[in-house]
Each structure stands twice: as C-alpha cells, then as structure tokens.
Amino acid sequence: MHASLTFRAALLSLLLLGCLLGLWQLATQGSSASAAPAAAMTPEQIEYAKLMGKPLDAAPATTKSGFPTPAQMGATIARQLADPFYDRGPNDKGLGLQLAYSLGRVGLGYLLAALVAIPLGFVIGMSPLIYRALDPFIQVLKPISPLAWMPLALYTIKDSAASGIFVIFICSLWPMLINTAFGVAGVRREWLNVARTLEVGAMRRAFEVILPAAAPTILTGMRISMGIAWLVIVAAEMLVGGTGIGYFVWNEWNNLSLPNVLMAILVIGVVGMLLDLGFARCQKWVTYAD
C-alpha cells in the first residue's frame, strides 16, 4: 500500500511538472524571435552587449518578453553544470563555487548558533527561575528581522563575509533555543523521578534521560533554523555582495541574464529541499514510539 501510494504521488508530480512546462512553452513560444539576434534584442541589451564588447550577431536570440523558453533554460542548466567551479575574476565565478561560499557561511553561522542555543536551552528548560529571567530578552530580540542586524554587523565587524555569518548566527539562534527549552521542560516527570530514585547524577541524567526525550523537539528547532538561515543568507548576500548564491542572482540580474537568474533560483530551492530532507531524516532517527 505504501509503495503504491508513493508511486502514484510520484506520477502525479511528474504530471504536474509536465503541465507546468507545457504552459511555460505556450506562454513563450509565440514571442520567440525569428529575426536577426540584434533585431530581437531590447535597447538595453544592445547597449550592454556593446559595453561588454560582444558582437551583436553572436548574441543569443531572446524573446520579446525577455522571458526564456524551456529550451533556453535547458541550455543554460547544461552550460552551468558543465563547469560549475570556474573562477575568472571577482564578478565571474561558477554557480557551484558561489553555492559553496553560501553553504560555508550558513554552516559556520549555524554551528555557532547550535553551540550557544542548545546548552542555553537546556539551562532554561531545567530552571524556571532562569526561564523567567531570560524570557523578556528572548521575546524582545526574537521578532527582530535578521537583516536588521546587518548594518550594525557591518559597522562593528567591518567585514561583509563575517557579517553574513553573524546574521546567520542570530537568525538560527532563536528557534533552536526556544525548542530546546520547550523539549527539556516537557520531559515526563515520571522519568526524572525514576532517575532521582536511582540516584543518577545530574550530568548522566541530562545525557541519558533528558537529551533522548527532548531530541525530537530539539531537531525540530534545528530544522526550522536551517530553513530560516538558508532564506536569510541569499538576501544578505544580495545586500553586501562579493560572493555567494545571493550575489550571483543579483549580479546576473545586473547582467540582464534572466536564464542564469532562474537557474540560481532553482538551485536555491533544490538545496533548501535537500537540507530540509536531511533534518527530516535525522528527526526520524531520534523519534521513538511510546
């Protein structure tokens, strides 16, 4: 039954994808250029081609609407995947290299947030006094948009890459902290009473009783934090520039290369999905049935 449901769901997904591609093709095929490439280009594209020293007769044909067809997107995907790690200067790096920069920033900021949030969440969850003392600060800082911290980070840190890592740290902190505290505080009293009856030490009780019981909730917070971090790093890199998948999107938009922009958007979505699937798998590993 489960295998049949999975097969039918996959078949329906493929059908929906085919419908979307068909609609895309219908929406763009009527406007595809059949004249010379220069005649099909907008004045802005012609001016940009001249500034870049590109011959107009070698420019790729575009649509009147400027939106690429599925065939053009397929060619762009194949070209980007053929050499994703090239480096020809500050403003000309491969999509894979830009993605690696973004993943590195997200990984470092996320790791720093986990090192702070999970131990502090344990302390807050185990101590009602500390929870009441810190709750006002958490409630004030939690709603602040992560990007609102960017000007302060740039002013104090004076480094765009480090500022991006700080923004990832601050946006990843709160979901992990709150979910860890909630999971620890929600551990069954019966299990804790049994541990006290057996005279289990505080450290052993934390690692062998509280941590396994709170692990599913902690992983939920980590999963939420990763989703937010991946959203924020793209916007942060658009603001500060330099390197990263967000900067790649903005740079290709400035270059009037809509196929590359769409390609980057697709990569952002796929990577976000894979990260979420990884945390979902980890959640299944630590979740147990009563």
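## Overall make-up

The protein chain has twelve helices and zero strands, where helices (H or I, at least four residues) and strands (E, at least two) are DSSP runs numbered from the N terminus. From the N terminus on, the elements run α-α-α-α-α-α-α-α-α-α-α-α. This is a predicted model, in which local features need pLDDT of at least 70 and side-chain atom pairs count only at pLDDT 80 or more, while totals for chains, interfaces and linings use all residues. Residues are numbered from 1 along each chain as its sequence is written, and side-chain values use heavy atoms, with hydrogens and water left out.

Of the 290 residues in the protein chain, 37% are buried; buried means under 20% relative accessible area, exposed over 50%, and partly exposed in between (1.4 Å probe, protein chains only). Among contacts between residues at least 6 apart in sequence, 70% join residues at least 24 apart. Contact means heavy atoms within 4.5 Å.

## Packing of α9 on α10

Two packed helices are described by the angle between their axes and the distance between the axes. Helix α9 (residues 189-197) packs with α10 at an angle of about 170 degrees, with the axes 11 Å apart. That makes α9 roughly antiparallel to α10. The contact is made by W191, L192 and A195 of α9 and by R205, V209, I210 and A213 of α10. These residues divide into six nonpolar, no polar and one charged.

Axes are lines fitted to C-alpha atoms, for helices over the stretch in contact, and angles run from 0 to 180 degrees between N-to-C directions. Angles under 35 degrees count as roughly parallel, over 145 as roughly antiparallel, 65 to 115 as roughly perpendicular and the rest as oblique. Ala, Val, Leu, Ile, Met, Phe, Trp, Tyr, Cys and Pro count as nonpolar, Asp, Glu, Lys and Arg as charged, and the others, Gly among them, as polar.

## Packing of α10 on α11

Helix α10 (residues 202-240) and helix α11 (residues 245-254) pack with their axes 6 Å apart, at an angle of about 50 degrees. The two helices are therefore oblique to each other. On the α10 side the contact involves W230, V234, E237 and M238, and on the α11 side I245, G246, Y247, V249 and W250. The residues of this contact divide into seven nonpolar, one polar and one charged.

Helix α11 also holds N251, which is buried, with a relative accessible area of 12%. The C-alpha atoms of N251 and D92 are separated by 9.1 Å, although the two are 159 residues apart along the chain.

## Helix α12

Helix α12 (residues 258-286) has 29 residues and should span 42 Å at 1.5 Å a residue; its end C-alpha atoms are 43 Å apart, which agrees. The expected span is 1.5 Å times one less than the number of residues.

Buried residues in α12 are N260, V261, M263, A264, V267, I268, V271, F279, A280 and Q283. What covers them includes α4 (70-82), α5, α10 and α11.

## Two single residues

L120 is in helix α5 (residues 95-126). L120 is partly exposed, with a relative accessible area of 32%. Not counting residues up to four places away in sequence, L120 touches L134 and L177. The C-alpha atoms of L120 and L177 are separated by 7.0 Å, and the two residues are 57 residues apart along the chain.

K158 lies in the loop between α7 (150-157) and α8 (160-185). K158 is exposed, with a relative accessible area of 64%. Phi of K158 is near 60 degrees, a positive value in a residue other than glycine.
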